[in-house]
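The sequence and the structure come first.

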Amino acid sequence: MSIAAAPQAPGRSPDRATETQTRLTAVPAPLPAPMAPRLPFVVLVSMLLVGGVVGLLVFNTSMQQSAFQEQRLQEQATTLAAREQALDGELKKMEDPHKIAAKAKDLGMVVPQNAAMLRVPEAKIEGEAAPADRSATPPLHPKVAKPYSVLVAEQKAAEAAAAKKKAELAEKKRAQEKAEKQAAEEQRTSSGEAR
């Protein structure tokens, strides 16, 4: 064994006298690195989640309202289209020349024999004006058959009016049944309370 590897006795070491003895002291454990507070992060994430849910609810509600409004406008457009067809049929009836001639005759109007024409730019009168006479008015012709388009328009208007009347009757019937149910329910609850 060599001398360097052999353990030396404590009091005999020549180097020990020259060494300065250092005193050992307890060193506090290193503090952990300060962590960012968790509360702001948790609040931020919670606010994002709540905001997202509220945003989805608002979006869904607005889409539902839009769908209801679209349905209402579709129904209104259908009703207005049916009304337009009915009014178009009435207009076709009123434009019938035979009706116009009959109405004019009822009002005492007659066909003039001689008509005078006024030319405004030249300030001239062309022709000789003569008073109208009932004898000059031709008799009204018997009524001719209506054109197919008028018949179709009248039929559609009649169908629309019948459908509207049927819907009104159904609504009245439902309202009456509902009122009867409520009256029966009130009667049952009042008779149940009386017992």
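## Strand salt bridge

Arg119 has a relative accessible area of 40% and is therefore partly exposed; the class lies between buried (under 20% relative accessible area) and exposed (over 50%), with a 1.4 Å probe and protein chains only. The model is predicted: local features need pLDDT of at least 70, side-chain atom pairs count only at pLDDT 80 or more, and totals for chains, interfaces and linings use all residues. Residues are numbered from 1 along each chain as its sequence is written, and side-chain values use heavy atoms, with hydrogens and water left out.

The partner of Arg119 in a salt bridge is Glu126, with 2.4 Å between the closest N and O atoms. A salt bridge here is a side-chain nitrogen of Lys or Arg within 4 Å of a carboxyl oxygen of Asp or Glu. Glu126 is partly exposed as well, at a relative accessible area of 36%. Side chains of opposite charge can pair when their charged atoms come close.

## Loop between the strands

Ala123 sits in the loop that runs between strand 1 (117–119) and strand 2 (124–126). Strands (E, at least two residues) and helices (H or I, at least four) are DSSP runs, numbered from the N terminus. The phi angle of Ala123 is near 55°, which is positive although the residue is not glycine. Most residues other than glycine have a negative phi. With 68% relative accessibility, Ala123 counts as exposed.

## Overall fold and confidence

The protein contains 3 helices and 2 strands, and their order along the sequence is α-α-β-β-α. Of its 195 residues, 4% count as buried. Contact means heavy atoms within 4.5 Å. Among the contacts with a separation of 6 or more, 41% join residues 24 or more positions apart.

Mean pLDDT, the predictor's confidence in each residue from 0 to 100, is 82 for the protein, and 81% of the residues reach 70 or more. By element, helix 1 has the highest mean pLDDT (94), whereas helix 2 (residues 97–106) has the lowest (84). Where pLDDT is low, the predicted coordinates should not be read in detail.

## Helix 3

The second salt bridge of the 2 found in the whole structure joins Glu171 to Arg174, whose closest N and O atoms are 3.2 Å apart. Both residues belong to helix 3, and because they are 3 residues apart, about one helical turn separates them. Glu171 is partly exposed at 45% relative accessible area, and Arg174 is partly exposed at 48%.

Helix 3 (residues 148–194) also holds Glu154. Glu154 is buried, since its relative accessible area is 19%. Apart from neighbours within four places in sequence, Glu154 contacts Lys93 and Lys146. Ala157 is another residue of helix 3, and at 17% relative accessibility Ala157 counts as buried. The C-alpha atoms of Ala157 and Gln85 lie 6.4 Å apart in space, while the two residues are 72 residues apart in sequence.

## Helix 2

Ile100 is part of helix 2. Its relative accessibility of 47% makes Ile100 partly exposed. When residues up to four places away in sequence are not counted, Ile100 touches Met94 and Glu95.

## Surface

Accessible areas come from the Shrake-Rupley method with a 1.4 Å probe; for residues, only the protein chains shown count as cover.

A nonpolar surface patch is formed by Phe41, Val42, Val45 and Leu49, which together have about 380 Å² of accessible area. Patches are made of residues with over 30% relative accessible area and no salt bridge; like charges are joined within 9 Å, and nonpolar side chains (Val, Leu, Ile, Met, Phe, Trp, Tyr) within 5 Å. Phe41 is located in helix 1 (residues 38–94). A relative accessibility of 57% places Phe41 in the exposed class.
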